[in-house]
Amino acid sequence: MHGEELIHIYLHKPNDIGIIKGCQKKEPASQNALFKKYAPVLYATCYRYLANEADAKDVLQDSFIRIFKYFKNFNPEKGTLKNWMLRICINESLKMLNTKKSFIVFEKLPSEPCEQALSLDNLMMEDLIQIISSLPTPYRTVLNLNLVEGFSHQEIANQLRIEAFNSRKILSRAKKMLIKKYKLVNTETWV
Amino acid sequence: MGLNNLDKGKLNELQNFQMDFDQDSMWKEIEERKKKRSIFTMILWGIGVSLMLFTFTYFISPSNSTIKKENASNINDYVEARKYEDSYTETDSNFSKKEVENSLSNSVDDINNIQKTIIANISKGFHPSSKEKQKQIESQINKIATNPSTKLSHIKSPQPVVYGENLNIKSNIKSVKDKIFTTNQYSQISKIHSRESFVKLDFDRKHPILKTNLKTFHTKSKIFVSPSIGIGYSFQSFTPKNEKTPVNRNNFRQLETWSAGIQLDFKIKNQIIVGSGIEFLQHNEQLNTYTSETNNIASFNPDEIPSEYIGLDGFLTIRATNKFQNNYRLLNVPLSFSWLLRYKKLNLAPSASIIFNINQKAKGKTQDKSGLILNSTPFYNTTTGIAYRLGSKFSFTFNSKNSIFVNPQIEFGPNDITTNLNSFAQQRNLVLLNIGFSRAIK
């Protein structure tokens, strides 16, 4: 996965060690500290997948219940705390998408294409997340898993129970849709 | 752009992007859920431990084969008793076996009284050694047996009930007590009781080998424990509030219902059983929602749209289907009244129950009148009130204390299980099939 350097920073903080030990003992204060520290990041991740505030909150809540319940299974030697929690959130988000069984063929996009071309380099993070959220569910899911989380197409295929070539195809279509709709520039290597 | 098409810095920024939301309210909800979860876990542990204890006590209790072995010396009694049983139906044609069996338990007190008298007499040193005395006693018994109005309490000391061939009264009282009813006595006393009751019960207690013939009768047991699981199907009706006629809401599709529970039954009379316990019930439901939107074809990449979706006017109608899995979890305390009918090993017990709901949790989505999809929890009461069930428990008794049962039931739910927020009054009726195991514990 990408961004491991940044993730490791959290593990090296002495605060985290105390939180981990406290959570392993199921101390409410440590659980609260863990929640306050990581909830905004995890919420943003859930939102990227679900594109819906209510669903993202539901999934975040379920994820934290699961995190507290199975905290004894977390092994700090195998990976970072944030990584482990992110994985739980992503799994819960995918589970929610699967539960809803949304098979929206085409989702509504803004009626007119953007007039001005957008550059990926200059985009604000909020805008980028909104752009990703505007994609249909399968496109958004594959784009998130591949581009942001860094899963290979085979891994995505295993998770979503589809063929690897379908994952590639969906990603390609997602990119095309974004480029066409938002006139994204500086995306030469996308297509 | 490197790193798989996204700039590394931008990727890190995206991965660590934080979005604000109301953390305090969510933390409160999480804490509430943790508490509820721990209570639920405790209940499950309680049920699990109860089942384990129950299973444990069941397996360590002496089996029939052990009892048989201990009483192997009574085989002659058994044979003679069987002869008596065979002759009984022929000679006492005025009473059907079923009638006699039904009156069986009424004689328990009388038998106990007789037994007390016998023991008292033995302890006083009564010994029917004289043949004349025996004849005298026999004639008394016959006199009593042929007179329906004779009460057992009229039998006065010295009494013939220690009448027996090999009875050694000089041995200690305990061994005498064990042999107090020999076959002949049994036969005689049975004759006395044949006009008002049937006297096998206490004999059976003293001679467990005969239980093979009597195992259908739990007349001595007063308390039973019955764990059970069930599966069923619920029927819901939706009536707009302030209206009386239900409407069709086909987008709510009912799925299976399942239950698990444990109940204690108390036999308060010979055939009347009152029971109560706790029951967990879950109704599963699927909500299908359909939305359609019309969009200008220009909004999409033409490569993405199959031609059959494009209308002649150049507009695209999009139909979206969402399926939500809802569930309703209920914690009930049933209070049941059963009327026990017996047919040898197979028993039938019609029952009526009042179901007190102590908690209901609705989880999932609901759709209001305007079509909005909303979280369903606030739209349902946390307790649904009282429901009523009618059923018939069919049980198969496989030894003197244990039986398995199947209990089909129909539940009539309360008129409305929703809060004021819901625009529809919702009634839920249920067909449930419980299967379980019953064990006499006292």
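Reader: Which residues form a nonpolar patch on the surface of chain B?

Author: Happy to show you! In this predicted model, the patch is formed by Tyr233(B), Phe235(B), Phe356(B), Ile386(B), Tyr388(B), Leu390(B), Ile410(B), Phe412(B) and Val431(B). Together they have about 830 Å² of accessible area. Two or more residues come from each of β1 (223–240), β9 (386–397) and β10 (402–412) of chain B. The largest share, three residues, is given by β9(B).

Reader: Where is Val431(B), and why is it called partly exposed?

Author: Val431(B) sits in strand β11 (residues 424–440) of chain B. Its relative accessible area is 41%. Partly exposed covers values between the buried limit, under 20%, and the exposed limit, over 50%. The 41% of Val431(B) falls between those limits, so Val431(B) is partly exposed.

Reader: What makes Arg140(A) count as buried or exposed?

Author: Again, set the value against the cut-off. Arg140(A), in helix α7 (residues 137–148) of chain A, has a relative accessible area of 3%. Buried means under 20%, therefore Arg140(A) is buried.

Reader: Which residues is Arg140(A) in contact with, leaving aside its neighbours within four places in sequence?

Author: Among them are Arg48(A), Tyr49(A), Leu50(A) and Ala51(A), along with Leu97(A) and Ile132(A). Contact here means heavy atoms within 4.5 Å.

Reader: How many helices and strands does chain B have, and what percentage of its residues count as buried?

Author: Chain B has eleven helices and eleven strands. Of its 442 residues, 44% count as buried. Chain B exposes about 24,100 Å², with 56% of that supplied by carbon and sulfur atoms.

How values were computed:
Residues numbered from 1 in each chain as written. Chains lettered and ligands numbered in written order. Predicted model: local features only at pLDDT ≥ 70, side-chain atom pairs only at ≥ 80, totals over all residues. Heavy atoms only, no water. Patch = residues over 30% accessible without salt bridge, like charges linked within 9 Å, V, L, I, M, F, W, Y side chains within 5 Å. Areas by Shrake-Rupley, 256 points an atom, 1.4 Å probe, with all protein chains shown as cover. Salt bridge = Lys/Arg side-chain N within 4 Å of Asp/Glu carboxyl O. Helix = DSSP H or I, 4+ residues; strand = E, 2+ residues; numbered from the N terminus. Buried < 20%, exposed > 50% of the residue type's maximum accessible area, 1.4 Å probe, protein only.
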